[in-house]
Amino acid sequence: MIELLGIEEKTYTLNLGPQHPSTHGVLRVILEMDGEFIIKAEPVIGYGHRGHEHMAENRNYMQFLPNLGRLDYLHALAYNQCYCMAVEKLLDITVPERAEFIRVMTSELNRITSHLLWFGAYLMDLGAFTPFLYCFDDREHVLDLLDRITGSRLTYCYYRFGGVPTDIDDDFLAGCRAFVSRLRSRWNDYHNLVTKNVIFIHRTRDVGIITRDQCVKYGITGPNLRGSGIPYDIRKSEPYSAYPWFDFEIPVGTKGDIYDRYVVRLAEMEQSLRIIEQACNKIPDGPIMAEKVPKRIKPPEGEVYQAVETARGSFGMYIVSQGDVKPYRIKLRTPSFANMSFFPEMAVDTLVADLVANLGSIDVVIPEIDR
Amino acid sequence: MELVAQFLGSAGARMVVGLIGVIALVSVNALFLIWMERKVAAHMQLRPGPMEVGPHGAIQTVADAIKLMGKELITPEKVDKPVFWLAPIVIFLPVLLSFLVIPFSQTMIIQDMNVGIVLILAFATLSVLAILMAGWASNNKYAVFGAIRSVAQNVAYEIPLLVTVMSIIIMVGSFKLSDIVAAQDRYWFVLVQPVAFILYLICATAETNRAPFDLPEAESELVAGFHTEYTGMRFALFFLAEYTNMFIAAAVATVLFLGGWHGPFFPGVIWFLLKVYAVIFLLMWFRWTFPRVRFDQLITFAWKILIPLAFVNLLITAFVLKLR
């Protein structure tokens with residue numbers, strides 16, 4: 001019709017961000033639009049670039065530790081853990097069992113806070129406000145628990161090379177048990193309010209599908225990958241820390257749409273609760289710090305790669321040491337960067353409303369992309 | 001003295017007193033509704049809401065209104081100035097006029113026109129024009145988006161709304177709101193027209209741009225939709241109009257389905273306001289429970305489900321009336 005009338009079909013550019021309510025930080029997306037349909041989406045990243053990798057080259061090993069909490073501020077402890085494990089590998093230190101248990105417990109608690117925040121923020125993207133405050137209420141309990149032993153509520157810097165600096169006490173264990181039963185009693189509310197909601201199902205079913213091939217092609221990891229039906233989780237496939245001693249499952253989806261990713265994240269929280277519960281019962285006594293940790297961290301020459309499963313996927317760290325007090329080079333493989341790279345393909349031929357739904361569903365943390 | 005008495009008894013005086021009353025009601029109502037919305041939302045979200053200004057934050061909205069009045073009215077550089085200035089007024093006037101025909105009680109009605117319901121529906125449509133003006137004049141892509149969405153949405157939802165209202169009107173045989181209420185002295189129409197009531201509520205939510213149909217101002221997508229560029233009192237007028245529209249939608253629901261001023265013990269006006277605020281509470285409940293629908297789903301829902309249902313309901317009503 002348009003061609004018949006001799007009218008030129010025109011597209012226009014819409015600039016979404018860097019300050020937009022639903023880009024979750026400073027992400028900018030340049031959209032080429034035809035009406036409400038997106039023809040091309042081009043993410044512009046780097047507004048929060050701080051040069052973490054370069055900072056690492058100019059600091060000694062201990063000084064770089066706080067930087068890790070600023071990469072993915074939502075699951076900071078997994079990043080801490082990855083770095084500590086990598087340096088421990090370089091130094092050839094064995095971490096005491098109790099310390100490994102504490103690391104797993106705190107990291108899993110942190111994973112739950114991350115997923116809870118995603119849950120709330122995502123529903124807010126879809127226009128529902130109330131779930132946000134529900135899960136912030138739950139999240140508050142975890143933050144209080146972690147606050148007591150780590151000293152901070154968001155950008156944690158808790159693990160040390162060789163173990164953890166402060167021990168947990170019975171209050172913490174009791175708090176963990178109370179939280180486990182509290183969150184379990186809340187699942188019903190969440191499912192009634194969100195999972196079974198017709199509008200929610202319509203917004204998320206068959207929207208933003210990521211196929212298995214696309215996952216492999218783009219290196220997508222984490223719940224996004226598992227939502228597409230590939231049961232890959234570093235905690236199982238390359239078990240580290242205390243994870244081999246726990247009994248937990250890897251929830252997977254079938255279709256790879258937003259709904260599947262949502263279900264996977266919710267199921268993952270339940271699995272984390274299981275790990276915490278087992279850890280509370282099985283935690284051994286003993287030291288929390290390895291004995292032969294040198295005062296001055298100066299690893300021998302060598303290279304090491306360590307990967308962990310964070311709330312967003314596989315985070316890997318490659319450290320090259322030349323026998324100095326500073327690392328020669330650190331390369332960070334961050335999950336959101338890989339997940340985000342699929343976003344332009346995902347956004348084509350969708351509506352603006354779906355763009356927001358898709359962007360939220362892959363759960364990106366911008367500082368980790370910009371680093 | 002006689003002249004004064006004559007004047008007070010006349011229709012003109014009734015109009016003047018009525019209009020002053022309406023303006024007072026509109027402002028007080030909006031202040032109350034905003035407070036109520038915040039309190040309802042807060043209690044649904046396990047928090048107390050405003051608590052600081054006045055008992056339980058009762059005059060928080062008064063403080064907010066004063067703050068808004070003190071704000072600078074920013075007119076962005078490349079806006080279409082006359083239209084940009086006019087839009088908040090255009091959205092507010094029809095809202096005021098709709099109050100002319102609402103029967104608060106048997107006697108409390110400013111002008112009992114014989115086309116009352118038509119007048120309200122006609123003025124309700126005018127708000128779309130204002131939204132379109134605001135969005136178009138703002139020279140902002142998000143605002144235009146909001147405006148376009150608003151027009152499409154209102155056109156789609158007006159049809160089932162009118163058809164639904166029609167089924168009540170053929171039962172009563174009058175457009176006069178007081179007649180419609182008077183016809184419900186034995187039973188409320190919600191009992192015989194439950195489908196129509198649900199249809200009306202859905203359409204009214206969409207017409208007043210409330211969640212889950214708040215697409216013209218969907219903040220996670222469109223920042224603030226059509227009023228992105230408005231500040232201060234101009235923004236406040238849009239806000240005021242939204243809440244007053246809600247009141248009108250609830251008042252029409254009360255008149256058509258919930259028996260208007262009818263009720264035991266209390267005077268009619270109290271019953272009327274009670275029912276209105278109950279309906280408003282329902283609308284708030286929707287907003288704080290549901291996620292937002294997507295635009296294509298919204299339009300599909302209107303054209304494929306609501307409109308056929310409304311027509312079927314109208315046909316059945318007509319058929320039953322004919323048989324009786």
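**Close-up 1. A:R312 and A:D363 pair up in a salt bridge of this predicted model.** Their side chains come to 3.0 Å, N to O, where a salt bridge is a side-chain nitrogen of Lys or Arg within 4 Å of a carboxyl oxygen of Asp or Glu. A:R312 sits in the loop between β4 (302-310) and β5 (313-321), and A:D363 in the loop between α15 and α16, so the contact ties together parts 51 residues apart in sequence. (Helices, H or I with at least four residues, and strands, E with at least two, are DSSP runs numbered from the N terminus.) A:R312 is buried at 1% relative accessibility, and A:D363 is buried at 7%; buried means under 20% relative accessible area, with a 1.4 Å probe and protein chains only.

**Close-up 2. A:D363 also meets A:R265.** This salt bridge spans 3.9 Å, N to O.

**Close-up 3. A:R371 and A:E53 form a salt bridge at 3.1 Å, N to O.** A:R371 follows α16 (366-370) and A:E53 belongs to helix α2 (residues 52-57), so parts 318 residues apart in sequence are tied together. A:R371 is buried at 12%, as is A:E53 at 15%.

**Close-up 4. Shared partners build a network.** Salt bridges join A:E108, A:R111, A:R226, A:D233, A:R235, A:E268 and A:E309. Over all chains, the count is 34 salt bridges.

**Notes.** In this predicted model, local features need pLDDT of at least 70 and side-chain atom pairs pLDDT 80 or more, while totals for chains, interfaces and linings use all residues. Side-chain values use heavy atoms, without hydrogens and water, residues are numbered from 1 along each chain as its sequence is written, and chains are lettered from A and ligands numbered from 1 in the order in which they are written.

Methods
Buried < 20%, exposed > 50% of the residue type's maximum accessible area, 1.4 Å probe, protein only.
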